[in-house]
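Hi,

Here is the structure I promised to pass on. Have a look at it first, and my notes on a few of its strands follow below.

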Amino acid sequence: MIVATAGHVDHGKTCLIRTLTGTDTDRLNVEKQRGLSIELGFAYWSAGDGRRFGFIDVPGHARFLPAMVAGIGGIDAAVLVVAADDGVMPQTREHLAVLDFLGVTQGVVALTKYDATDKDTVDRIAGDIEELLADTGLSGSPIVPVDSVSGTGFDNLQKALTALQPIARQKDAPARLAIDRAFLLKGVGLVATGTLLSGRFSVGDTVTVTPSGQAARIRGLHAQNEQVDGANAGQRCAVNLTGPGIDTESVKRGCWLVGNGGDSVTSRFDATIRLAPDATAIKRRDLPVYLHIGAAKTPARLVPLDRTGLPPGETALAQVVTDESVDVVWNDRFLLRNHAGTRTIAGGRVLTPFGATRGRTKPAHLNRLGLREREDSAAVIQALLKTPPYHVDLHEFGIERNLPKASIGDLANTTDATRFIANSRLHLANTAFWKTTEDRILETLTDCHEQEPHRPGLPEKGLLKHLGPDAPDAVLYKALLEKLTDDRRIVSVGGMIRLPSFSATLSQEDDALWLPAKAILETAGTQAPTLHEMAKKMEAPADLLAATLNRAAALGLIVHVSKNRYLLPETLAVFQSVIPALASEQPCGFAVTDFRDRVGIGRNLAIDLLEYMDRQGITRRDGNIRTAGASEE
C-alpha cells in the first residue's frame, strides 16, 4: 500500500508519520531548522497483517503544492490530516480537491492534536470534515482523533489503515514509473525513485527515460525500502540506473521510466476535464495553464472541444497542448492550475495521447473520444469500429492503453472484424463497412466504364470522390485498393484504376488524329519526330494532338517520353535494347554521344530518350556518364 498525507501546513502530517513509523521524513536541514516540510518525505510501516505501507509525506504550504502533487500520483490511499484546534483550512480544501481530481477514493482522516482540544470542538470539526468530504471520492472515510505527542488514537488509526485495500494495477503491462526524486549516491551512481504504476522491473532490464528517449539499464533495485531483484506494480521503488548520458540532468523529477520504448510521449493529448466548483468559468478555447501529470509540471494550453465555454463544476472533452513533451497513457489523472500557478482550476483524465490536430471539434471525433472513456478495451474497439472511420490501429490502441503485446493479440483474435496491414501495423476494420465499400468501388468503376468507354479508368483520388460523403479515410481506402488489386478484382495502370475485364478504346474524334499520327511514327521508325513536327505535317493544332496522344498513352498505345516527344512501344524497345551491350562494352559508363552514335539519331532525341530511361531506372546517371541498372533515387 502506498499512502500519501495531505492537509494544511502545520497540522502535524510529519509528526503523525514519525509517531506511526519512527521515521522523521524531514530530511533537509532547512526543513529541520524551520519545522516545515518543503520536499517529499518517505517512511515505511509494517502492519500486523503482514502488509507493508509506504508513506509519502507531502508539504502542506501553498507554495509547495507542486511538490505535493508530484508525490501523490499513483497512490492507493490518503491520510487527510486536520488539526483539531484549527479545523478545515485553505490548504485542507485544496489538497482534498487535488486528491479528488486525481481519483483517490479511499483514505482516513486523522484529526490531530486531540489531547489539546476539548470534545465539543473535536465533534464540531469532525462534522465540518464530513460535510467537506461529502461531494468527493473520500466521502464516508473514517475520522480518527489522534495525538502524535501522547500516541492517543494511534491504535484506531492503524486499524483504519489496515482496512484499506491496494488499487488494481496492470501487472502484466509495460512498466511505468513516474520519477519524483533523482540523486547521485556515492559508490552507487544515479538513483531514481517513484511508484511503479504498472508492469514489473527486474535487475538487468533495459528501460527508456522519457520524454528524452534515452536508454538505461537497471543496475540495482530497492522496493519498499529493501534490496530486491524485481519490483511489481504498486510498489514504491528506488532504481539504480546506468547508461550513456544518464545523469541528474537527463533523469529528474517529472521524467518517467518506461518499458514501452517511449511510444506514448506526446505534446498534445485528448482528455475529459472537470472544472473546479470555485474556479472561474472558461470562456476561451486556448487557455494558458500549468499541467501537473505524474511528477511533471509544464506550461500548457487548454482547448475545450465540445463547447466554447465551461462553467464551474462542469465536465467537458478537451485537448491539452503542452510546451514540453510528456508521457501519458489512457486513464492517467492530471491537474490544471492557473497560469500564475496559484490555484488548482481543473482536473482530468487522459483518453488518448494521440491528440487530433485536424477535425478535433467535429462530432465524429468527439463521439470516438467519448467511447474511449470505457474501461473494457474489447468493448471500446467494438464501439469504435461502428463509428467513422470504421477502423482501429491496434498498435496505436495498445500504446494508448499501455497494453501488453499478448492482450493486443487477444483483441485481434476475439474481435469480429476484418484485418489489414497499414504502415506495417495491424488494423481492424468494420467488416460490413469494408464489404459495402468494396461493392461501391466496383459499382463505381462499372458505371464509369459504361458511361465513358473511352476513358481508361478513374484516378485514385477521382474514384474516392465518387464514393461520396461515406467514403473511407485515406488509410482504409488504400487498404481496400490493395486488397482488391491482390484479389485481381481491379487493375491499376499508370495511376488509373479499372476493372480487369475492361479495355478502353479511343473515341472516333481521337481516332481521327491518332491513326495518322501512328502512321507517321511507324514510317519514321527510330527517327522519331517531335510533337510539333507531327502536328505541322498533319495540319492539326499541337495542343489538340497532344491531348489525343496523352489519351492514347493512358491506354498503352504510345509512350510519352518527354514533353515534346512520343514513341510507339516497339520503337522505344529498339532503343532500350542497345543499353545492355553499350554498358558491357564501356563498364566505366557511356556518354550521350556514345548512345547517339550507336543508334544513329540526333542529340536532342538521344537526350530525351536517356532522361526517360533514367526516370524508369533503365539507366543511372552520374554527371555526364551513364551506366545500366536501377536508379539510386
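**Notes on two groups of strands**

Let me start with an open sheet of three strands: the order is β23-β25-β24, and the pairing is antiparallel. The edges are taken by β23 (391–393) and β24 (418–422), and each has a single partner strand, so one side of each has no neighbour in the sheet. From one strand to the next, the twist averages 30°. If you want to look at how β23 meets β25 (residues 425–429), you'll find three bridges joining the two, which run antiparallel. Val-392 has Leu-428 in β25 as its bridge partner. Bear in mind that this is a predicted model.

The other place to look is β9, which covers residues 189–198.

- β7 (residues 176–178) runs antiparallel to β9, and two bridges join them. Here Leu-177 sits opposite Leu-196 of β9.
- β8 (residues 181–185) pairs with β9 over five bridges, again in the antiparallel sense. Across from Phe-183 you'll see Val-191 in β9.
- β15 (residues 236–242) makes six bridges with β9, in the antiparallel sense. Thr-195 stands opposite Arg-236 in β15.

One more detail: β8 and β9 form a hairpin with three residues between the strands, and Gly-187 in this hairpin takes a positive phi near 80°.

Cheers

Note on methods: Residues are numbered from 1 along each chain as its sequence is written. This is a predicted model: local features need pLDDT of at least 70, side-chain atom pairs count only at pLDDT 80 or more; totals for chains, interfaces and linings use all residues. Side-chain values use heavy atoms; hydrogens and water are left out. Two strands pair if DSSP finds at least two bridges between them. Helices (H or I, at least four residues) and strands (E, at least two) are DSSP runs, numbered from the N terminus. Axes are lines fitted to C-alpha atoms, for helices over the stretch in contact, and angles run from 0 to 180 degrees between N-to-C directions.
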